[in-house]
Amino acid sequence: MSLPEKPSIDGLAAKWSQRWDADQLYRFDRAAPRERVFAIDTPPPTASGALHVGHVFSYTQTDVLARFQRMRGREVFYPMGWDDNGLPTERRVQHRFGVRCDPSLPYDPDFTPPEQPGREQVPVSRRNFTELCARQTELDERAFEELFRLVGLSVDWSLLYTTIGARARAVSQRAFLRALARGEAYQAQAPTLWDTTFRTAVAQAETEDRERPGAYHRIAFHPDGAAAEPIIVATTRPELLPACVALVAHPDDARYAPLFGTSVRTPGFGARVPVLAHPLADPAKGTGIAMICTFGDAADVIWWRELDLPTRPVLGFDGRLLAEAPAHLDESGRAAYARLAGLTPAAAREQVAVLLRETGELLGTPEPIRHPVKFYERGEKPLEIVPTRQWYVRNGGRDPELRTALLARGRELNWQPAHMRSRYDHWVQGLAGDWLISRQRFFGVPIPVWYPLDADGQPDHGRPITPAEDVLPIDPSSDTPPGYSADQRDVPGGFTGDPDVMDTWATSSLTPQIAGGWGADDDLFARVFPMDLRPQAHEIIRTWLFATVLRGHAEHGALPWRTAAIAGWILDPDRKKMSKSVGNVVTPVGLLHEYGSDAVRYWAAAARPGADTAFDTGQMRIGRRLATKILNATRFVLGLGEPAPGAAITEPLDRALLAALRPVLAEATTALEQYDQGRALAAAERFFWTFCDDYLELVKARAYGEHGAAAADSARLALRTALSVLLRLLAPVLPFVTEEAWSWWHGASIHRAPWPTPDELGPGGDPAVLAAAIEAIEAVRRAKSEAKLSMRTPVSVLTLPDGAPHDAIEADLRAAGVIHTITRGPRLAVTL
């Protein structure tokens, strides 16, 4: 055994990550029986830009659990994936290369993006664009892997997958086709949340409310009959008057009950619309009566559907009012509409206000308000609702029986912490419609269908053509459906491919199936599915977790995993969530080099499960100090020499140490079994400092041999036994420094060593002996410190309390405290 002269934690991450990789230390054994497997559905981070410290925080917590299970004798299935399809990648490519996708353009095999992107983006074909996306994500993913290796994640890198890779595309398309065959996936022409910047549909789960300024406009609708009083409606969206199809009030509202079944004319545009009753109308909101437009908000959609109203859209996919006036308007109405054609909603709102002032139908001055407005979570402009043809998957939003089944799945799942289940329940209970999975984008998994074209070249959406599962993945924009030839593409009587791709969650919701080899490696899938653990953040319970439960329930009739461990957010100094979109993130590479990987992991692992945690470099400094102390303490203990063959732990203080370690081992083990890595770390760390600061100092002289060989062997064996247990307790959190220390006296890796057991701690001692010795030596130190004396200054008399178990440890106390005389008395006292 060779001990370093001056051990240091610097460089350990690079040293051991390379060694682990060369030894394939974390390679999953595909022959392991299912009962020995612990499978983790690892979150695939979005491969766009750089990882931030929040990723290190949450992925470290998962890694602690993986390392613990591996040391418990489980064969850990721990893959990694990159979520590289979707809008974040497209936006990054557009900005970096200065290009935009134009699917109408032909592929240019010699295309090279401009060296210096200009103000105008260069249009490129879809294939050229997706090739640039793949090129960019490959660079990002390489950097991600380097960072995660530096962090010390014990993933099996041979299991790496990407959500745009062939394996993921095949799984995603296979699940879609099976859902289609079961009637769970369907197409519909329906009102759709629409992001006008990206010109794509958006699902309910991808929206967020942002408070924005607005104004209530009080406008006058005119009932039939010259003498009738006008009906005053307060609206924040007067620009949608050309799309008005009805007025609606609550059935019990006496103010408007006489008007139900009559009609009114829209201000400024003169269209006749009915006055109807619906219980969703709020008598206390505005004037108690609302205009229904197609479409201004979700309430409009509900009223439109349940009251069977016509559709009169005025907003286009670009977010501007359509050039052509709605057909229901008369000549004067069309003339009024001409003043709005092509305008943005905000500009049209101002123009309608001018128009209504001219007609006298705008009453008073608009009342400024602030109100929540729906946005796509990655968008910059308010969402609109436009009628489009989209693909949906049934999710319980319109199916009470499925909703009930999914709520039951939530109760079946082991939530850590338990209160996070309420977020799942609230989401399922609040679903307002089915899951919209199609997107009008480019870098994603294609919808795997074609449509036959009629004699006029129009697609028959009611008869989609589907591929066989054994040819997946396919791209309908380039592949030919069965029964057709390539020259029949986009010609009358031929076929056309579905131009859309799937929502990124439609693929990410299948990560257990992708990583587990569903449909490609059935033996592996049987060993790992259902998985044991899904770790993730709480804000994506409504998206990733819910969608994965839905897919597992629909496809396999089971939960996709047994436990969901929910991590909190990292908060900046203002207690705001760290987010790339907000721009308040901290990149981790500098931290890992400054404090060391183990120190950063210490900060991450110390957090309570599910709790939002402040970014704190002070905690990292504490972690670095702990890591350094582990090396120094190990070097000291091993430097004392090995106990003689056959040596035994005989001294009361030594046996007391191991007895006191027994409940620590039990607490740390139980905490990790309950997915509480913070509690396990706290228990092990507290005892480690007791071991170093108190016990080691108490037995140092004896361990050097000053009290005889047998007493020295007892101390040395106790020190090594406790150190071995403590290193293994700390190994899941501090993998590099514990591996280094372990390597000085063991041949194999600590991370394949068995988790410590109580049997290793030998026959029971009395923990009170250790407690009494610590209390006494701390009193001696305190007295010397208060007197501003050196710790080697002799103590004249140490008085120990009567009845305390001190007899067997007087020699250790005398040597550690430099004490001349030890007596007994009513209380503990130190005389210098």
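This is a predicted model: local features need pLDDT of at least 70, side-chain atom pairs count only at pLDDT 80 or more; totals for chains, interfaces and linings use all residues.
A residue is called buried when its relative accessible area is under 20%, exposed when it is over 50%, and partly exposed in between (1.4 Å probe, protein chains only).

Figure 1. Residues are numbered from 1 along each chain as its sequence is written, and side-chain values use heavy atoms, with hydrogens and water left out. Of the 832 residues in the protein chain, 54% are buried. The C-alpha atoms fill a box of roughly 115 × 65 × 55 Å along the principal axes.

**Figure 2. Secondary structure of the protein chain.** The protein chain contains 23 helices and 29 strands. Both are DSSP runs numbered from the N terminus: helices are H or I with at least four residues, and strands are E with at least two.

**Figure 3. Contacts within the protein chain.** A contact means heavy atoms within 4.5 Å. Among contacts with a separation of 6 or more, 75% join residues 24 or more positions apart.

Figure 4. C133 takes part in none; its nearest cysteine sulfur, that of C101, is 8.3 Å away. C133 is buried, with a relative accessible area of 0%.

**Figure 5. C244 and C293.** The closest cysteine sulfur to that of C244 belongs to C293, at 4.8 Å, which is too far for a bond. C244 is buried, and its relative accessible area is 0%.

Technical notes:
A disulfide is a pair of cysteine sulfur atoms within 2.5 Å.
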